Amino acid sequence: MEFDFSAEQKQLKEQARRYLADHCDRTAVRAVLDGPQPYDKALWKGLGELGYLGASIPEAYGGLGAGYLEACVIAEELGRAVAPVPFSSSIALAAEFLMRAGSETQKQQHLRGLATGESIGCFAYAEGTGRVTSASIRTIATRSGETARLSGTKTAVADGDVADFAVVAARDSADATGLSLYLVDLKGTGVSRAPVATVDPTRSHARIEFTDAPAEPLGAAGQGAALIERVFDRAAVLIAFEQLGGADRALEMARDYALERYAFGRPIGSLQAIKHMLADMYVSATLARSNCYYGALALSTESAELPAAAATSRVSATQAFQHCARNNIQVHGGMGFTWEFDCHLYYRRSNLLALSLGAPSSWEDRLIDCLRARRAA
C-alpha cells in the first residue's frame, strides 16, 4: 500500500508551520504555562480565521469542507508547536459527535462556531480513575420529550473549564442498560466547574458537576456506546498526528543540541551512546509516521479498516512521542531537566496525550481484538 499527501496538502502543512512559528513560539506557550490564561485565545481565534479549525467540517456548516487529510496535517503542526489550544476537544471530538449524530438544527447551531473558533466544545466522559466503561458511568439523564435533565459528575474533562458546551455520556433513568449522549450548555443552569491540575498546564482540564442541568439528546437513545467507539476511532487518528508532530520536534531538538553541545573537545553527537539514542528516536518516529499515514488513509476513505488503523496509529504515535520526549531530556543532560529549557514542554504533552481517549493499554487491547477478528474472518 502506497500513500502520501498531495502537493496541496503539503503546502497547507508548510503554511500552518510558518503561521505557528510566528504566533506560537515558546514565549507564547510559556505565557499559558506560567500565566492565568488556560489557553491562547489569540492563537485560537487566528486558527479559526484561517479556516484551519474547519478543515474537516462541511461548508454548509461554516467549515472548509476540505477533508480529513487536511485536518491531519494541521493536527501534526499543532502538535509540533505544542500549541496551547483546545483543538482535539473541539474538533476531533465535539465536532465529530455533532457530524455523526447531530440533528440539522444541532449542526447549524454548533458546528459553525467550532469552525470559526468562536465557540469551544468538549466531551465529558470519565467519572473517576481507571478504564471507562458503560458500567462505570453513573451520570443520570431523565428525559421528557425532546429535552432532558442531567445529574452527575465528570472528572478531568479536557478543556471543560473553557468550553461553551459539552457532549456528555449519561445513563437514561428509564433504561439502565445503555448509554446515551447529550448536549449541555456549560454556561447554563445546573452546571458548576472547577479546574483540575494535570501534568500539562497548557491543556486545561476541569471537574464538572451537573445538578438537574438542562440537556438535549444527541443521537438515538441507548446508542451512545457505539457512537463513542466510532468517534474515538476518528479522533484517535487526528490525535496520533498531533503526537507525531511532537515526536518529530523532540527528535529535532535532541539532534540539534547534540550537534551544538561540545564535551571533551568534540560534539556530543559524535559519541556512540548519543548516536544510538538518536537513532532509536528516529526509528520510533518514522514507524509512527508510517502507521499514522495508514490511519489517515483509512479515515479519509471511510475504510472498514479504520478501527484497526486507528488503534495502530494511536499505539505507535503514543510510544513514539513518549520515547522521543523522554530521550530528548536525556540528550540534553542536566540542562534538559531545567525549567528554562523547552524539553519539559514536550514531555508534559506526551504524557497528557497518552491518556486522552483512554489509557494506552485500552488501545493495545483494541488493536489485538481487531487483529484477532481479521485472522478469524
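User: How much space lies in the largest pocket?

Analyst: Rolling a probe the size of a water molecule over the atoms shows where empty space is left. Here, about 1,300 Å³ of space lies in the largest pocket (on a 1 Å grid over the protein atoms alone, an open set of points where a 1.4 Å probe fits, with protein on both sides within 12 Å along at least five of seven lines; the volume is the space filled by probe spheres set on the points). The model is predicted: local features need pLDDT of at least 70, side-chain atom pairs count only at pLDDT 80 or more, and totals for chains, interfaces and linings use all residues. Residues are numbered from 1 along each chain as its sequence is written, and side-chain values use heavy atoms, with hydrogens and water left out.

User: Which residues lie nearest the centre of the largest pocket?

Analyst: Of the 41 residues that line the largest pocket (an atom within 4 Å of a point), Val132, Leu355, Ser356, Leu357 and Gly358 lie nearest its centre. The largest share of this lining, six residues, comes from α7, a helix spanning 224-260 (a DSSP run of H or I, at least four residues, numbered from the N terminus).

User: How do α7 and α8 pack?

Analyst: Helix α8 covers residues 272-300, and the two axes (lines fitted to C-alpha atoms over the stretch in contact) are 9 Å apart at an angle of about 155 degrees. The pair is therefore roughly antiparallel (an angle over 145 degrees). Leu244 and Leu251 are among the α7 residues that meet α8, whose contacting residues include Leu278 and Ala285 (heavy atoms within 4.5 Å).

Terms used:
Helices (H or I, at least four residues) and strands (E, at least two) are DSSP runs, numbered from the N terminus. Axes are lines fitted to C-alpha atoms, for helices over the stretch in contact, and angles run from 0 to 180 degrees between N-to-C directions. Angles under 35 degrees count as roughly parallel, over 145 as roughly antiparallel, 65 to 115 as roughly perpendicular and the rest as oblique.
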